[in-house]
Amino acid sequence: MSTFFYDGDCGFCQWSAERLRGLTNGELDVRPAWVGRSQTPVPTAVERRVQKRIATEAVYWRGGAGGEPELFGGHHAIGMALADHGHTTAVRLTGRALNAPVISLMAGLVYRGVSRYRHKLGPLVGVQACALPRNGFSPR
């Protein structure tokens with residue numbers, strides 16, 4: 001089963017992960033992860049790769065050809081997760097579109113903006129939890 005990791009210390013990320021979970025109808029394992037530790041038992045090589053990236057972006061991993069896991073980050077992670085596990089054709093097509101060349105450029109810019117200010121977005125969606133300071137700090 002594929003796993004989508006998100007920043008478990010971020011309220012907006014928690015809210016977004018719930019939306020993703022709903023769009024995949026339970027077919028995708030959506031779990032919080034933190035730098036320095038992972039709550040999900042995954043192969044050691046994958047866990048190290050997830051830990052290196054989760055501080056700045058969501059991470060999606062799935063088993064690849066020949067057993068080598070594939071790892072995607074940021075908007076690519078969201079797009080691949082939706083394309084692979086979306087509960088409707090429209091959701092799967094939206095996931096594929098997020099990784100189409102021109103749309104991917106725009107999606108990447110939007111993702112970076114959301115990622116940078118996610119600590120301010122939590123209250124807008126009704127969640128307060130966020131380990132990031134409210135002074136505009138961004139790990140990017």
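1. **Ground rules.** Because the model is predicted, local features need pLDDT of at least 70 and side-chain atom pairs count only at pLDDT 80 or more, while totals for chains, interfaces and linings use all residues. Residues are numbered from 1 along each chain as its sequence is written, and side-chain values use heavy atoms, without hydrogens or water.

2. **Fold.** The protein chain has 6 helices and 5 strands (DSSP runs: H or I of at least four residues for helices, E of at least two for strands, numbered from the N terminus). From the N terminus, the order is β-α-β-β-α-β-β-α-α-α-α. Of its 140 residues, 42% count as buried (under 20% relative accessible area; exposed is over 50%, partly exposed in between; 1.4 Å probe, protein chains only).

3. **Largest pocket.** The largest pocket holds about 550 Å³ of space. Closest to its centre, among 26 lining residues, are F12, S16, I78, Y111 and V114. A pocket here is an open set of points on a 1 Å grid over the protein atoms alone, where a 1.4 Å probe fits, with protein on both sides within 12 Å along at least five of seven lines; lining residues have an atom within 4 Å of a point.

4. **Pocket lining.** Helix 1 gives the largest share of the lining, 8 residues. Strand 1 (3-7), helix 1 (11-24), helix 3 (74-85) and helix 5 each supply at least two. By type, the lining has 18 nonpolar, 4 polar and 4 charged residues.

5. D7 and R118 form one of them, at 3.3 Å, N to O. This pair links distant parts of the chain: D7 lies in strand 1 and R118 in helix 6 (residues 118-121), 111 residues apart. D7 is buried at 15% relative accessibility. R118 is buried too, at 6%.

6. E18 and R21 meet at 2.3 Å, N to O. They are 3 residues apart in helix 1, so about one helical turn separates them. E18 is partly exposed at 41%, and R21 is partly exposed at 27%.

7. **Surface patch.** V102, I103 and M106 form a nonpolar surface patch, with about 290 Å² of accessible area together. Patch residues have over 30% relative accessible area and no salt bridge; nonpolar side chains are joined within 5 Å, like charges within 9 Å. I103 sits in helix 5 (residues 101-116).

Conventions. Areas by Shrake-Rupley, 256 points an atom, 1.4 Å probe, with all protein chains shown as cover. Salt bridge = Lys/Arg side-chain N within 4 Å of Asp/Glu carboxyl O. Points joined across faces, edges and corners; volume = space filled by probe spheres on them. Nonpolar A, V, L, I, M, F, W, Y, C, P; charged D, E, K, R; others polar.
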